[in-house]
Amino acid sequence: MDITWVSTDQDREARDRLLARAGLAADGDVTRSVLLYDGDMAVGTASRKDNVLKWFAINPSYQGQGLVGVLLTPLVTDAIASGISRLFFVTKPGNVVLFRSFGFFLIAETSRMALMENRKDGLSSKWSLRLLS
């Protein structure tokens, strides 16, 4: 498998197809996006807008193979190289355990979404919240 930065119209179309399949809509507002290819087929994508990670999508046939970390690593590395050290994202509550394994901490949670960040001493240490849906 190969990972690449989204840089061409063909890459953007492949990213948008993966997002649509995952029920996500690309709003075009990103700083950087990555695509994971297995041969000629795009099988995963993730993006960053400034300090917000977003649009994680993996082809269902490839889920459960540890690909979240493959997508996450270049985005975090790029953010740090750009001077951004605090990262946030919203995910489904069922994904909290997965993202904790990559060093993210829960800030707030409802029955439909969870807000996470990459710093233990960040907002999550100041607010111990469990929001009601």
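What is the relative accessible area of R86?

Modeller: R86 has a relative accessible area of 24%, which makes it partly exposed; buried means under 20%, exposed over 50%, and partly exposed in between, using a 1.4 Å probe and protein chains only. Before we go on: this is a predicted model, so local features need pLDDT of at least 70 and side-chain atom pairs count only at pLDDT 80 or more, while totals for chains, interfaces and linings use all residues. Residues are numbered from 1 along each chain as its sequence is written, and side-chain values use heavy atoms, with hydrogens and water left out.

Back to R86. Its side chain meets that of E117 in a salt bridge, at 3.6 Å from N to O; the term stands for a side-chain nitrogen of Lys or Arg within 4 Å of a carboxyl oxygen of Asp or Glu. Since E117 belongs to strand β7 (residues 114–117) and R86 to the loop between α2 and β5 (88–91), the pair ties together parts that are 31 residues apart in sequence. (Helices are DSSP runs of H or I with at least four residues, strands are runs of E with at least two, and both are numbered from the N terminus.) E117, the other end of this pair, is buried, with a relative accessible area of 0%. There's also a network: D29, K49 and D50 are joined into one by salt bridges that share partners.

Counting across the whole structure gives seven salt bridges. K49 is in strand β3 (residues 41–49) and D29 in the loop between α1 (9–21) and β2 (32–38), so here the parts tied together are 20 residues apart in sequence. K49 comes out at 26% relative accessibility, which counts as partly exposed, and D29 is partly exposed too, at 38%. As for D50, look for it in the loop between β3 and β4. D50 is partly exposed, with a relative accessible area of 40%, and has a phi near 55°, a positive value in a residue other than glycine.

Another pair worth a stop is R32 with D78, whose closest N and O atoms are 3.2 Å apart in their salt bridge. R32 is in strand β2 and D78 in helix α2 (residues 67–81), a link between distant parts of the chain, 46 residues apart. R32 counts as partly exposed at 28% relative accessibility, whereas D78 is buried at 15%.

What about pairs of rings? There are four aromatic pairs in the structure. One of them is F56 with F99, an edge-to-face pair with 5.5 Å from centre to centre and 70° between the planes. Strand β4 (residues 52–58) holds F56 and helix α3 (residues 96–100) holds F99, so this pair bridges parts that are 43 residues apart in sequence. For the terms, rings of Phe, Tyr and Trp (its six-membered ring) pair if their centres lie within 6.5 Å, with planes under 30 degrees apart called stacked, over 60 edge-to-face and the rest tilted. F56 counts as partly exposed at 21% relative accessibility, while F99 is buried at 4%. Together with F89 and F104, F56 and F99 form one aromatic cluster.

Staying in strand β4 for a moment, W55 is found there. W55 isn't a glycine, yet has a positive phi of about 60°. At 9% relative accessibility, W55 counts as buried.

In helix α3, you'll also find V97. V97 counts as exposed, at 64% relative accessibility. From V97 to A14 it's 28 Å in space, C-alpha to C-alpha, and 83 residues in sequence.

That brings us to α1, where A14 is buried along with D11, R15, L18 and L19. These residues cover an arc of only 135° around the axis, which puts them on the same side of α1; the arc is that of the directions from the helix axis to the C-beta atoms. The buried residues of α1 pack against β1 (2–5), β2, β3 and β4, where contact means heavy atoms within 4.5 Å. On the face turned away from that buried side, α1 carries the exposed residues D9, Q10, R17, A20 and R21. Just after α1 comes G23, with a positive phi of about 80°.
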